[in-house]
Amino acid sequence: MKLGLLSAILENWEYSQIVDLCAEIGYEALEVACWPRGKASRRYAGVTHLDVNVLREAEIENKIQYARNKNIEISAFGYYPNAMSVNQEERELAAAHIRKLIHVAGETGIGMVNTFIGRDKYKTVEENLTLYKEIWSPIVEMAEKENVKIAIENCPMLFSGDEWPGGNNLASTPAIWHEMFQMIDSDKLGLNYDPSHCVILDMDYVKPLYQFKEKIFHVHLKDTHIMKEKLDQYGRLSYPLNYISPKIPGLGDIDWAAFSSALYDIGYNGCVCVEMEDRSFERNEEMICKGLNVAYRNMHQYF
């Protein structure tokens, strides 16, 4: 396993600066935020550290080689939109950019695109599964042809009022993963597994590693703290941000020894990338860098 970083937290940094910082701290991998240029729809989104719509393939190759020269592996291209949105234009733009990333990931040998399945928040789970098969079957077919893995993050995406009632990402629970992987049976479709989302939904975050060991393509290291006194006031059916506090790994409620032990048990040998979302470390760039150093020290003992 290689301990890495998702670049999205360093929104205003240049790609080369982020690679240099990873090397300085000790990170060995980097998931590169690859959103299309434009206004971000939410926090930590809309970040473009490699613009695949502008850069020529040779330029992208040069940037990848820059990281390799620093002993940094590019673990994946990261882009997390809603390709099943109720808004048809949003849906089509998201699917088109996912396809673009799959093509570039295939051409450059990166071989991994991390993303969301998406969801029509006004439809039932069953209706969304039907929509999922319709939208994602041709995308996965393309990934198979390009020899690229699609790793779906398990975030429910129902943190704010505009994401309710159903949330903007279908792939949030083991029961739904079973359905998804049966409906589209492909060795190129798997999970970008983030244990913090299981904590939010009050689910075991270790057992799924064993249940879906063949489908764990990529891992996000993010922590969260459940504020019990606020949960008692708001309840689980409220906006999660009413009762949770996202934390850098090692400062929340997750037992990272148990989590890492399970990854070793299942023989996972991919990248584990810190996804930094912690307001305590986001007041300025100095604090962000401090947080990334703390996260590295906390996780390096396990990975």
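Reader: What makes the pairing of the side chain of N192 with the side chain of H220 a polar contact?

Author: The two side chains lie 3.3 Å apart, and a polar contact is a pair of N or O atoms within 3.5 Å, where one must be able to donate a hydrogen and the other to accept it, and residues adjacent in sequence count only if both atoms are side-chain atoms. The model is predicted: local features need pLDDT of at least 70, side-chain atom pairs count only at pLDDT 80 or more, and totals for chains, interfaces and linings use all residues. Residues are numbered from 1 along each chain as its sequence is written, and side-chain values use heavy atoms, with hydrogens and water left out.

Reader: Why is N192 called buried?

Author: Buried means under 20% relative accessible area, exposed over 50%, partly exposed in between (1.4 Å probe, protein chains only). N192 has 0% relative accessibility and therefore counts as buried.

Reader: Which residues of helix α5 are buried?

Author: In α5 (residues 174-183) these are P174, I176, W177, M180 and F181. They share one side of α5, because they cover an arc of only 150° around the axis, judged by the directions from the helix axis to the C-beta atoms. A175 and Q182, on the other side of α5, are exposed.

Reader: What covers the buried residues of α5?

Author: The cover includes α4 (125-146), β6 (189-193) and α7 (207-211). Strand β6 also holds N192. Helices (H or I, at least four residues) and strands (E, at least two) are DSSP runs, numbered from the N terminus.

Methods. Contact = heavy atoms within 4.5 Å.
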